[in-house]
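Subject: The structure we talked about

Hi,

Here is the structure I promised to pass on. Have a look at it first, and then read on for what turned up in it.

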Amino acid sequence: MRRTKILAGSTAILLSALALSGCAAGGSSSSTGDTVTLTFWHNSTTGPGKQYWVDTAAAFEAQHPNVKIEIQSVQNEEMDGKLQTALNSGDAPDIFMARGGGKLADVVKAGQAMDLTSGLTDASKTAVGSSLSAFEVDGKNYGVPVAVLPSGIFYSSDLFAKAGVTTPPSTIAELESADQKLRSAGIDPIAVGAKDAWPAAHWYYNFALRACSKDVLDAAASSRSFDDPCWLEAGKNLQDFINTQPFNNGFLTTAAQQGAGSSAGLLANHQAGMELMGAWDPGVIASLTPDTKALADLKWFPFPAVSGGQGDAGAMMGGVDGFSCWVNAPKECVDFLNFMVEKSNQEAYATAFQTLPASQEAQSVVTDPALKDVLAAYNKAPYVVVWLDTLYGQNVGNALNVAVVDMFAGKGDAQGIVDAVNAAAAKS
């Protein structure tokens, strides 16, 4: 297994010019009597994932009798807004979910995240390898990864067979052909939860990944602007694809992950053939099948090649989920982050969430066939680019996502996406 994986456009690249502030690893203890209380926010609201964090917190408390962890699970689509409000109020959770990139850089710039550089153990750094770079800002570390989440297209092999699709599409033309066959068989080809914005935006991200070179993507991470012609080309390619009507009926009002009618639920219940999503999708899909077990015929293929682009055909779009400490958190927060990435805990994490752990030492527990294919592609990828709304920060990212949804709704175009990003970047 390859151990060198660089996430293109990590915050280590883009923030040397920013005046950053923060606290050295290890804050002051916040305690009542002899008890230190850590407040902890994560985004798993149901099932084995939610239970995993209960069990992990309890195991840490057993090793640290003076520590009490108070857990709050926050629905994924509400996390960014709720967390930003808490950070701005000066009363943030001690441990909070972070995805690196420009979003984390903005938090660091505001002096709201703890510098963990000296507090992470050598064992932690070795276990997570280069995925740690997603949480670097100006050469310092402000978070610990727990999962690597490259994206691609998950699909029902049974529905493909029913529609006469014999091989996974490797080009956009082949994907459009598969869509037509699925539609002719009475199956919605691709599910997308455009109600939540980001799943629709991921289609633009991946078209941009194919249209733009790595150098352009890295440059935009610092400029946070879309001046290169490839950004417009990506939007035009997406518009051409949307015009083929590949998505489920009612996609504008479809949620991403909540209930059987969500995009993940449509795939889980064989109501749609495919979904473009990150490596957490098998676990979400399993939670939405009739028997809440893994979808037996779930498979995966990488985002198809797009003709004429400057991006490497093997490049992947993805993310890294992790956790950071609030700047005023007790010093025990860093201990808990180190605990998260111990091998046994990462193995349990991968099993509970049915995803890819950040710890390379724990990746042997991945047995799901679709995830094994994702992991193989990830380890071969020449580079992996962080989700664009993460890479470019919350304000620019929100403008990008809204502009893409406007295109999906027939209210915007490729130029509108470029204009929205540039306008947001000018204000940030």
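Please keep in mind that this is a predicted model.

I'll start with a pair of helices. H10 (residues 229-242) and H17 (residues 394-408) make a right-handed crossing. Their axes come within 10 Å of each other, at an angle of roughly 35°. On the H10 side the contact is made by Gly235, Leu238, Gln239 and Ile242, which meet Val404, Met407 and Phe408 of H17. Sorted by class, that contact has five nonpolar residues, two polar ones and no charged ones.

Next, strand S10 (residues 272-278), where seven of the seven residues are buried. S10 has a strand partner in S8 (residues 144-156), with five bridges in the antiparallel sense.

Among the buried ones are Pro282, Val284, Ile285 and Leu288. What do the buried residues of H12 pack against? Their neighbours are strands S8, S10 and S11 (298-301), together with helices H11 (263-268), H14 (343-353) and H15 (369-380).

The whole structure has seven salt bridges. In one of them, aspartate 321 pairs with arginine 99, and the closest N and O atoms are 3.5 Å apart. Aspartate 321 sits in strand S12 (residues 316-325) and arginine 99 in the loop between S5 (95-98) and H4 (101-109), so this pair ties together parts 222 residues apart in sequence. Both aspartate 321 and arginine 99 are buried. They also belong to a salt-bridge network that links Asp80, Arg99, Lys103 and Asp321.

A second salt bridge joins arginine 224 to aspartate 106, with 3.4 Å between the closest N and O atoms. Because arginine 224 is in the loop between H9 (214-223) and H10 while aspartate 106 is in H4, the pair connects parts 118 residues apart in sequence. Arginine 224 is buried, at 12% relative accessible area, whereas aspartate 106 is partly exposed at 31%.

Finally, glutamate 332 forms a salt bridge with lysine 331, the closest N and O atoms being 3.5 Å apart. Glutamate 332 is buried, at 7%, and lysine 331 is partly exposed, at 42%.

Best wishes

How values were computed: Residues numbered from 1 in each chain as written. Predicted model: local features only at pLDDT ≥ 70, side-chain atom pairs only at ≥ 80, totals over all residues. Heavy atoms only, no water. Axes fitted to C-alpha atoms, helices over the stretch in contact; angles between N-to-C directions. Helix = DSSP H or I, 4+ residues; strand = E, 2+ residues; numbered from the N terminus. Left-handed = near helix turned anticlockwise from the far one by under 90°. Contact = heavy atoms within 4.5 Å. Nonpolar A, V, L, I, M, F, W, Y, C, P; charged D, E, K, R; others polar. Buried < 20%, exposed > 50% of the residue type's maximum accessible area, 1.4 Å probe, protein only. Pairing = 2+ DSSP bridges. Salt bridge = Lys/Arg side-chain N within 4 Å of Asp/Glu carboxyl O.
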